[in-house]
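Please look over the points below with the structure open.

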Amino acid sequence: MAAAGNGTAAVCPAPMKATSDGAWQGENPLNYPLAIVQICLVVLVTRGLAFVLRPLRQPRVIAEIIGGILLGPSALGRNKTFLNNVFPKRSLTVLDTLANFGLLFFLFLVGLELDLRSIRRTGRPALAIAIAGISLPFVIGIGTSVVLRSTLNPEGSSAPFLVFMGVALSITAFPVLARILAELKLLTTDLGRIAMSAAAVNDVTAWILLALAIALSGSGSPLTTLWVLLSAAAFVIGATIFLRPALSFAVQCSPAGEPVRESFICATLTIVLAAGFITDAIGIHALFGGFVVGVLVPKDGPFAAVLIEKLEDLISSLLLPLYFVSSGLKTNVATISGARSWGLLVLVITNACLGKVLGTFLAPFFARLPVREALALGFLMNTKGLVELIVLNIGRDRKVLNDECFAILVLMALFTTFITTPTVMAVYKPARQLSATPHKHRTISHGDNFFHDLRILACFHGSRNIPTLINLIESSRGTHRRRLIVYAMHLMEFSERSSAIFMVNKARHNGLPLWRRHNSPHADIDQMVVAFEAYRQLSSVAIRPMTAISDLNTIHEDIIASAEQKRVALIILPFHKVQRMDGRLESIGEAHHQINERVLRGAPCSVAVLVDRGLGGAALVASSIVSYSMAVLFFGGPDDREALDYGLRMAEHPGISLLVLRFLQRDPDPDDEKSVAHFQSKNTSGRYEEVAADGTAQVAAAIMAAGRFNLYIVGRRASIAAEAALVERTDCPELGPVGSYLVSPEFSTAASVLVIQRYDPKVGTEDSLAQIYDAADSPLSAATPEACDHLSA
């Protein structure tokens with residue numbers, strides 16, 4: 001209570017409640033600041049826009065920026081009833097608090113994505129591109145700021161405005177760029193590796209420049225600005241000296257295979273909040289504290305991955321979109337009116353694109369990169385995103401940018417990011433260059449030519465597929481005169497989550513083969529790499545591990561492109577169901593099912609689907625003790641002939657006992673007879689038996705009576721009468737009638753099944769793919785240099 005000069009008393013407003021007493025008490029819940037309605041509306045609008053923009057291959061950040069603008073005064077917010085009820089003024093403080101709380105932890109996640117060791121290992125081309133991609137747009141941004149300040153904001157401070165404009169035009173959004181590269185199938189190419197490395201350097205530099213801009217925008221004297229910068233530098237140095245050892249201790253106490261202690265997670269999150277408070281007290285914004293802590297967390301071991309897993313869904317899905325809406329509520333496109341304002345918008349967009357594209361283009365161009373690649377790299381580095389909005393919002397809050405200038409720069413960020421994907425697709429089509437040697441060997445066998453190398457592209461989802469896959473490869477190696485070359489492709493899903501970029505960084509190792517890092521005491525040796533490397537050293541098989549990182553809806557394009565580029569004869573796909581403890585098969589997702597179906601439709605070679613039921617057990621079996629019994633069920637047809645050819649190669653292995661069980665047809669195909677005769681003339685160890693195929697009951701009985709086997713090899717489109725009668729119904733048409741019966745629980749729960757589809761040259765693959773992309777070729781490990789020297793491109 002305070003007395004006014006005229007004798008009246010000024011009454012303090014009552015404390016604002018966070019929640020209402022309910023509609024039945026006569027209170028409107030929308031008048032209270034708990035942002036439940038706002039969060040639900042924001043998620044609904046942004047996810048809906050993301051779904052609409054998905055066919056345009058736009059990153060989700062575009063939908064979130066547009067959604068924030070639509071909910072603000074530029075569109076729906078023009079209706080005062082909507083704005084006052086859904087986003088009342090009393091709720092904006094709570095909304096901004098939640099948004100900045102989510103932003104603080106999101107910047108912590110961004111810091112977790114950056115590996116300082118990778119940045120230190122950045123090659124000269126990537127470093128030159130990063131420097132050129134920052135310097136020129138920063139200078140052009142300063143020049144642009146002179147025009148904007150004289151036109152829109154003549155009374156504002158000059159130095160902060162110059163720096164803010166330079167930062168705004170020189171930023172590259174590292175997380176957004178990674179997702180665009182994944183959409184364009186460039187993430188694991190040389191161009192993608194250079195772009196990611198340069199963007200990482202750009203990201204760190206942008207934060208340093210932003211700290212400078214914030215320090216300059218303070219209301220104090222130049223001496224105060226100097227103290228802010230010195231305090232910020234002291235914070236970074238102190239955190240490196242004192243905080244990093246504590247985080248390293250938490251990482252060392254969290255070995256792989258064991259759960260991370262809850263106390264470590266709680267302590268780390270508390271440290272993030274404390275660091276945010278310190279940097280906010282210094283005067284360079286709380287976001288820097290979270291970002292610095294994220295960068296300092298060691299990336300070895302599972303600790304960083306667990307932190308991301310704990311935070312990313314809540315932060316990225318619920319709290320972070322609130323920041324875009326908070327930004328959208330401050331963006332009024334209506335302030336851009338008249339020829340002068342629209343001309344300034346065109347000027348800013350032109351200068352942003354010119355500076356970033358030209359600066360990035362010159363460095364790789366002088367490094368003798370192809371012109372198209374250099375130009376594509378320039379447009380890729382022009383990608384904006386959340387960091388851009390952070391810069392603009394801080395500039396607006398510090399009164400450096402007025403409403404019109406703020407709206408112009410937001411639209412600039414939206415436009416430059418939106419055009420990145422279509423522009424790169426138009427400028428740089430990563431079409432596969434046709435090899436001088438045509439791809440002739442598209443099937444397993446070629447008549448009497450038994451001396452050609454057999455190339456296989458073996459795909460797998462995770463470590464549980466590896467023992468069966470390697471045991472199958474060992475069984476397929478044949479004789480030493482017929483070399484087996486295997487490309488082992490790890491299929492990794494790339495999503496909008498922060499963990500996706502963390503996964504990319506671990507898979508790429510910044511483009512360096514893992515064998516070069518074995519001497520490092522902190523080398524994070526992946527168990528999958530170890531398995532393939534150990535098998536390669538103990539066998540005569542040439543293995544090249546690879547990684548395909550893509551959205552599951554398009555990852556089949558990586559598989560098909562790799563098969564074409566590597567000129568393989570057989571693609572081995574993992575079945576989309578895995579075996580449970582009770583022996584039944586459980587689906588890992590319909591998306592994985594669709595992958596197999598799409599590859600079967602568009603593959604440039606033969607395809608096999610492997611139903612993994614533990615061939616050889618859960619461990620790798622040494623070649624000297626391999627002892628498997630396998631059966632080829634031969635009904636007739638091209639697929640069965642391909643299965644028979646594969647079985648013939650397996651029969652060459654001394655540890656394989658093979659049975660070919662042929663089901664006689666009334667009118668046998670002459671090609672089937674030739675294939676069987678060829679098997680009998682070449683086979684020296686396998687057994688051959690014939691049974692009558694009089695009906696499905698007799699067929700099932702004959703298969704059961706043949707005995708127990710470790711692996712069944714069958715054709716997908718077997719020439720069997722009454723195909724659907726072997727099983728009543730199946731949800732796996734890619735296995736065919738015989739394969740579906742073999743994986744049914746009524747038959748067996750112990751035998752693995754390999755279902756083969758022979759390549760049909762009459763069915764082209766051009767209709768199923770608009771273009772053949774560069775094969776995803778990021779190595780899990782390059783094995784050893786000598787192992788890969790003889791592998792052709």
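1. Arg641, Leu644, Asp645 and Leu648 of H24 are in contact with Asp671, Asp672, Ser675, Val676, His678, Phe679 and Lys682 of H25 (contact: heavy atoms within 4.5 Å; helices: DSSP runs of H or I, at least four residues, and strands: E, at least two, numbered from the N terminus). The contact residues comprise four nonpolar, two polar and five charged (Ala, Val, Leu, Ile, Met, Phe, Trp, Tyr, Cys and Pro being nonpolar, Asp, Glu, Lys and Arg charged, the others, Gly among them, polar).

2. This is a predicted model, with local features requiring pLDDT of at least 70 and side-chain atom pairs pLDDT 80 or more, while totals for chains, interfaces and linings use all residues. Numbering runs from 1 along each chain as its sequence is written, and side-chain values use heavy atoms, without hydrogens or water.

3. There are five aromatic pairs (Phe, Tyr and Trp rings, the six-membered one for Trp, with centres within 6.5 Å; planes under 30 degrees apart are stacked, over 60 edge-to-face, the rest tilted). Phenylalanine 249 and phenylalanine 264 are edge-to-face, because their planes stand at 75 degrees, with centres 6.4 Å apart. Phenylalanine 249 belongs to H10 and phenylalanine 264 to H11, 15 residues apart.

4. Phenylalanine 264 is buried at 13% relative accessibility, whereas phenylalanine 249 is partly exposed at 48% (buried: under 20% relative accessible area; exposed: over 50%; partly exposed: in between; 1.4 Å probe, protein chains only).

5. Phenylalanine 635 and phenylalanine 663 are stacked, 4.3 Å centre to centre with 5 degrees between the planes. Both are buried.
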